[in-house]
Amino acid sequence: MVDRRSLAIGALALFVAMSQVESGQAQGQGAPAQGAQGQGAGAPPQGRGAGAPQGRGGGGGRGDGGAFTPPAGAKDLKSVLFNWTWHMGMLRSGAESELIKTLDYHAAGGTIQVDGQPCTLTKYRVQANYQVPGYRAQIECTRANKQKYSNVETLSGDYAWDEDIPGAELVPGKGKATPRPTALQERLIRLWASPHGAPKAAIAAAAGLPTTESFGENPAVLLDSQAKAGAKSTTTLEWQGEKAVITYPIPGVPGAMATATLVNYLPESVVVTHGPNKTEFIYGKWADWNNPLFKIEALYAGTIVERKNGTVVRSVTAKVTEIGQIYVIMPVPDSVQKAGK
């Protein structure tokens, strides 16, 4: 059976090779060191549904170097975490390592809540780097009274701030950065409950490692080596019929716990409880949303609905993604650092 990623693997391998260069550059900015066709609305990807996954190496089956093959129908935590990332196309290279480091997401449309009122999106772009970790969400929308709203929500490590233009204040005199320390936990929850963030956080917690150290490994091999080292998992698994339900802590938000419900190893929802608050992320229409010239079978949710305590605060549909090892950083402006975490 010919690997369906064979046409894209060469290009992705180049991105992976460049990732170490990017890590060094990001470290210089205060970041710690440390990518087929669409599958349709909610359908499990072709060739991934039943039995063990096929290989992703240089065009062959699992005998070409795959480090782990889950037994058909396996319901243990290691197999489920492996299958979760495999079905989403997050495992790459002959070793089937988890190598999705960054995201560039453009929405086709949707709405968000601004001051408790719906605002119709005219632009919604998210650039994320899961190793910093951080993201920059550019928002432009129109309220019911025709008033325009724009903001750039930014997260980097332990800092959260808003920008009036992307990269505000990084060039002296250009733009304004406003510290938003009270938004830090909300933004961390949004990152680690996201389509890529959720499996990354669940694997890190299962391995007893921070997310900056669990990246770039085959999930099954990582969990085995950590278990031998005596690491304690804080990720749990239970089954509700044919649905796998995985619970894991949200990195950087003490007391916040996420519950991801998987159908055919793709999350239909991630629900985060933190104190009295419950934030629900509902996902659907999984597909490869990359540019038609660079389809790599790395899936992303085509629809995302976010509810906080029962109220819809964001609802977006995907237009295009760039999933690979693109250069995405979000340096913290001096004024934000001086304001404190």
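Accessible areas come from the Shrake-Rupley method with a 1.4 Å probe, and for residues only the protein chains shown count as cover. By this method the protein exposes about 14500 Å², and carbon and sulfur atoms supply 53% of that area. The model is predicted, with pLDDT of at least 70 needed for local features and pLDDT 80 or more for side-chain atom pairs, while totals for chains, interfaces and linings use all residues. Residues are numbered from 1 along each chain as its sequence is written, and side-chain values use heavy atoms, with hydrogens and water left out.

**Overall make-up**

Helices (H or I, at least four residues) and strands (E, at least two) are DSSP runs, numbered from the N terminus. The protein has seven helices and 15 strands. A residue is called buried under 20% relative accessible area, exposed over 50% and partly exposed in between (1.4 Å probe, protein chains only). Of the 341 residues, 50% count as buried.

Helix 3, residues 184-192, is largely enclosed by the rest of the structure, because seven of its nine residues are buried. The buried residues of helix 3 are Leu184, Arg187, Leu188, Ile189, Arg190, Leu191 and Trp192.

**The disulfide and the loop beside it**

A disulfide is a pair of cysteine sulfur atoms within 2.5 Å. The structure holds one disulfide, which joins cysteine 119 to cysteine 141 with an S to S distance of 2.1 Å. Cysteine 119 belongs to strand 4 (residues 117-129) and cysteine 141 to strand 5 (residues 134-143), so the bond ties together parts that are 22 residues apart in sequence. The torsion about the S-S bond of cysteine 119 and cysteine 141 is about 95°, so the disulfide is right-handed. Cysteine 119 is buried at a relative accessible area of 0%, and cysteine 141 is buried at 1%.

The loop between strand 4 and strand 5 contains proline 133. A cis peptide bond joins valine 132 and proline 133, with omega about -15°.

**Two residues with positive phi**

Glutamate 96 is not a glycine, yet its phi is positive at about 50°. Glutamate 96 sits in the loop between strand 1 (91-92) and strand 2 (97-98) and is buried, with a relative accessible area of 1%. Asparagine 309, also not a glycine, has a positive phi of about 50°. Asparagine 309 sits in the loop between strand 14 (303-308) and strand 15 (311-324) and is partly exposed, with a relative accessible area of 44%.

**The largest cavity**

On a 1 Å grid over the protein atoms alone, a cavity is a set of points where a 1.4 Å probe fits but cannot get out, and lining residues have an atom within 4 Å of a point. Grid points are joined across faces, edges and corners, and a volume is the space filled by probe spheres set on the points. The largest cavity holds about 280 Å³ of space. It is lined by 19 residues, of which Tyr124, Val126, Arg190, Ser194 and Tyr300 are the closest to its centre. Elements that give two or more residues to this lining include strand 3 (102-114), strand 5, helix 3 and strand 13 (277-284). Strand 4 gives the most, with three residues.

For the lining, Ala, Val, Leu, Ile, Met, Phe, Trp, Tyr, Cys and Pro count as nonpolar, Asp, Glu, Lys and Arg as charged, and the others, Gly among them, as polar. The lining of the largest cavity divides into 15 nonpolar, one polar and three charged residues.

**Salt bridges**

Side chains of opposite charge can pair when their charged atoms come close. A salt bridge is a side-chain nitrogen of Lys or Arg within 4 Å of a carboxyl oxygen of Asp or Glu. The count by this rule is 14 salt bridges, among them the following.

| Aspartate 115 | Arginine 143 | 3.3 Å |

Aspartate 115 is exposed at 71% relative accessibility, whereas arginine 143 is buried at 17%. Both arginine 136 and glutamate 163 are buried. Glutamate 186 is partly exposed at 34%, and lysine 308 is partly exposed at 30%. Salt bridges that share partners join Glu153, Glu186, Arg190, Glu306, Lys308 and Arg314 into one network.

Notes
On a 1 Å grid over the protein atoms alone, a cavity is a set of points where a 1.4 Å probe fits but cannot get out, and a pocket is an open set with protein on both sides within 12 Å along at least five of seven lines; lining residues have an atom within 4 Å of a point.
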